[in-house]
Amino acid sequence: MPRQQIKDEYDILGEIGAGGMATVYKAIQRSLGRPVAIKELKKAYHADAQIVKRFERESRVAASLQHENIVHIYDYWNKPTYSIVMEYVDGANFADVIEKIGALPVDVGVMIAIQVSNALDYAHMRGFIHRDIKPSNIMIKRNGEVKLMDFGIAHTRNLEALTMPGTLIGTPAYMSPEQILGQQLDVRSDVFSF
C-alpha cells in the first residue's frame, strides 16, 4: 500500500524517487497548501548511528545554506521516522535531462553551469565542500532555474568527520583524484567534480 501520511501536517501524494538509503515523496503541506518533497531515511538504517548522524547533518547543512540555487530545507524530524522536508522542485535532475535529450546547446549548458557555480560559490564561501557533485544532484526546474541538492556528505572544518580513514564515499566517476585517494579536500575537489 502506498504511503499516505508521515505526519499530520503533510499529505503524501506519491513516491518521486528512491536511493540506497532514502525514499523521496511528493507531499502537500496542509497549513500552507504548498507542495514539498519529503526525504525519508529507510527503516533498515535507523539502527546505524553513523548513517543517522549523516542524515541529520544533511538537514542542518542544507538548511544553513539559503541560496536561490540550493534546494531549501523546511523541516526535519526523527520520529516516527527520520525525515527531511524540503522545497519541491518541479522538474528533472540533470542526469535524466542528459539521458533523454543528449548534448545540450552551448547557451543552455552555460546557463546551467552559471547557476551551479553560483550555488557552489555560496557554499564554498561558507566553508562547505559538497563532495558529491554529479548530474543527478542538480535539478533543472521547468522554468530553467537550477537547484543543487543532496548535501548528505558535505564537509567543513567545523564538522566532525563521519567518514572513516580509507573509506571511499561519494560517486567515483565524479570524484577528484584527492577524494579517491582519501586525502584532505578543499573546494577544488568540487570544482573538479563539476
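Where is Pro 80 found? Pro 80 sits in the loop between S4 and S5, and the points below set this loop in its context.

1. Basis of the note. The model is predicted, so local features need pLDDT of at least 70 and side-chain atom pairs count only at pLDDT 80 or more, while totals for chains, interfaces and linings use all residues. Residues are numbered from 1 along each chain as its sequence is written, and side-chain values use heavy atoms, with hydrogens and water left out.

2. Helices (H or I, at least four residues) and strands (E, at least two) are DSSP runs, numbered from the N terminus. Strand S4 (residues 73–77) pairs with strand S5 (residues 83–87) in the antiparallel sense, over four bridges; two strands pair if DSSP finds at least two bridges between them. Trp 77 has Ser 83, in S5, as its bridge partner. Within the loop between S4 and S5 lies Pro 80, and the peptide bond that joins Lys 79 and Pro 80 is cis, with omega about 5°.

3. The three-stranded sheet. An open sheet is formed by three strands in the order S6-S7-S8, with antiparallel pairing. Strand S6 (91–93) and strand S8 (146–148) each have a single partner strand and stand at the edges, so one side of each has no neighbour in the sheet. On average, neighbouring strands of this sheet are turned by 25° against each other, direction ignored. Axes are lines fitted to C-alpha atoms, for helices over the stretch in contact, and angles run from 0 to 180 degrees between N-to-C directions. Three bridges link S6 and strand S7 (residues 138–141) in the antiparallel sense, and Gly 91 stands opposite Lys 141 in S7.

4. Helices on the sheet. Helix H2 (residues 94–101) packs on the sheet and touches S6 and S7, its direction making about 90° with that of S6. Helix H3 (residues 106–125) also packs on the sheet, touching S7 and S8, and its direction makes about 35° with that of S8. Contact here means heavy atoms within 4.5 Å.

5. Nonpolar cores. A nonpolar core is a set of buried Ala, Val, Leu, Ile, Met, Phe, Trp, Tyr and Cys residues joined through side-chain atoms within 4.5 Å. Buried means under 20% relative accessible area, exposed over 50%, and partly exposed in between (1.4 Å probe, protein chains only). In the largest core, of 32 residues, Leu 65, Ile 138, Ile 140, Leu 148 and Phe 151 touch the most other members. Strand S3 (34–41), helix H1 (49–64), S5, H2, H3, S7 and S8 each supply at least two residues of this core, and H3 gives the largest share, six residues. Not counting residues up to four places away in sequence, Ile 138 touches Ala 92, Asn 93, Phe 94, Val 116, Val 146, Lys 147 and Leu 148. A second, separate core of eight residues includes Tyr 10, Ile 12, Ala 27 and Val 36.

6. Backbone points for review. Arg 131, in the loop between H3 and S7, has a positive phi of about 70° and counts as buried at 15% relative accessibility. Asp 150, in the loop between S8 and helix H4 (177–180), has a positive phi of about 65° and is partly exposed, with a relative accessible area of 27%.

7. On a 1 Å grid over the protein atoms alone, a cavity is a set of points where a 1.4 Å probe fits but cannot get out, and a pocket is an open set with protein on both sides within 12 Å along at least five of seven lines; lining residues have an atom within 4 Å of a point. Grid points are joined across faces, edges and corners, and a volume is the space filled by probe spheres set on the points. The whole structure holds two cavities of 30 Å³ or more, and the largest cavity has about 60 Å³ of space. Its lining includes Leu 148, Met 149, Asp 150 and Phe 151. The largest pocket has about 960 Å³ of space and is lined by 36 residues, of which Val 24, Lys 39, Asn 137, Met 149 and Asp 150 lie nearest its centre. H1 supplies the largest share of that lining, four residues.
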